[in-house]
Amino acid sequence: MGPFIGMDSILVIDDDVGVLKVIEMRLEAEGYGVTTADNGESALQCASRDRFDLALVDLRLGKEDGIDVMGQLHDIDPSLPVVILTAHGTIESAVEAMKRGAFSYVTKPFDYRELALQIRNGIEKARLTREVERLRHIVRINRLEFEDIVAQSEAMKRIFDLIALASESDSNVYLSGESGTGKGVFARALHKAGARREMPFVSINCAAIPETLLESELFGFERGAFTGAATGKKGLFTQAHGGSIFLDEISEIPLTMQGKLLKALEDKEFYPLGAQKSVKVDLRIISASNKDLEQEVEKGTFRRDLYYRIHVIPIKIPPLRERRDDIPLLISHFLDKYNRKMNRDVKGFSTAALAKMMNYPWPGNVRELENAVECSVVMTTEPVISEDLILPTKSVQEMVLKPFKESKMDFERRYLVQLMEISGGNISHAARLAGKYRPDLYELLEKYHINALEFRKNRRK
């Protein structure tokens, strides 16, 4: 039976069942929640399942060494205070136990009042240690607040608290929120606040990678795995080994790839394309989407088992319209940023401009606000930015926003021109870069009247 919620919980480990029963009865009479184990293996299973405030460990557990068991308990919870019990008390064993991390050492037959005092002191030490660690996490998050995240609203303070709590574990975290709320910034903050902060942080936007390239990007490939693979390449999972990988817009991963991703997350092991030997990795998964994943699961576009695998600690980032207290701080931050970047000396915004920005709903969230500040710094000729230079107005929105079909065509045209410039008009090379078949690429080039030959001529010049 696990420890009772609300009680100080103690794990008692002794191979003498009679001793176990007596200690259990005495401790429960004192109001403690007690879990017992008569061997090291059972004790470690209990410690992996529940968190305890103190452990009592017999020095001799049959053929097992209680000090070794204590070391394994500390591998699971380094802050767990351990009191060693023994009928074989010697100075040498006492010194060894304390050197190896025991809180205290009590010999059998023990005075129960002495044992009770050691238990109270040990639990108080653990409580203080864990509180200090919790405060360190909060301080680290508060530092991140000023370094990476500009916010002062109550809504965002709750997010900082959630990140502080999440950073204490190694569980998978799922960040949700509208586009532009800064999920990538929070993912990096979570990594920097956790135990893996000195290790790599690797990010990938799953929506930006063609389906044909996604597997090789995530898991890598061996030389000769496919046409054009002259050398092997480490995937992002391997690059993130020991640290964290951020899977942004995870909802956009095709169903065919979701199964492979799930297996890699479950096994912490995968095969790069063309490899005969698997690769093992140790990393934390942080994922995000601006879609409602539960709805995607119901629609059948996202695997339910993958949803449960990534959705261990959910954190929802509120949109900017729900934390308007942060808008003035963000405006000031972005104004300073673009003054430095553009070597300008814009003093600020007029009262009318600020009022307009405070009242606007910002559907693009922080990203849209940043763009508006950047644009106004570029456009102003006065030291104070006036109301008419603030972009988020109905008339400007309607003027700037093109129909979807037209915007899509503009993007495709620009993309193809850039693709031809990079490949020097080499269709085979361009098709590999874009993850498309050559006939499909020829069709697109013809659609937009783009002549690959011209790019070859330009390169020769």
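Is Cys 206 buried or exposed?

1. Cys 206 is buried, with 2% relative accessibility; buried means under 20% relative accessible area, exposed over 50%, and partly exposed in between, using a 1.4 Å probe and protein chains only. Cys 46 falls in the buried class too, at 9%. As for disulfides (a pair of cysteine sulfur atoms within 2.5 Å), a search of the whole structure turns up zero.

2. Before going on, keep in mind that this is a predicted model, where local features need pLDDT of at least 70, side-chain atom pairs count only at pLDDT 80 or more, and totals for chains, interfaces and linings use all residues. Residues are numbered from 1 along each chain as its sequence is written, and side-chain values use heavy atoms, with hydrogens and water left out.

3. Now the overall picture: the chain has 20 helices and 18 strands, taken as DSSP runs (helices H or I, at least four residues; strands E, at least two) and numbered from the N terminus. Of its 461 residues, 44% are buried.

4. Have a look at the open sheet, where five strands line up in the order E9-E12-E15-E8-E16 with parallel pairing; two strands pair if DSSP finds at least two bridges between them. E9 (201-205) and E16 (313-316) sit at the edges with a single partner strand each, so one side of each has no neighbour in the sheet. From one strand to the next, the twist averages 15°, with axes fitted to C-alpha atoms (for helices, over the stretch in contact) and angles running from 0 to 180 degrees between N-to-C directions.

5. Within that sheet, E12 (residues 244-248) and E15 (residues 284-289) run parallel and are joined by four bridges. Leu 247 stands opposite Ser 287 in E15.

6. Leu 247 also turns up in the largest nonpolar core, which has 29 residues; Phe 237, Ile 245, Leu 247 and Ile 250 touch the most other members. Such a core is a set of buried Ala, Val, Leu, Ile, Met, Phe, Trp, Tyr and Cys residues joined through side-chain atoms within 4.5 Å. Helix H10 gives the largest share, five residues. A separate core of 22 residues includes Ala 47, Leu 61, Ile 84 and Ala 102.

7. Finally, helix H6 (residues 154-167) lies across E8 (173-176), E15 and E16, running at about 160° to E16. Contact here means heavy atoms within 4.5 Å.
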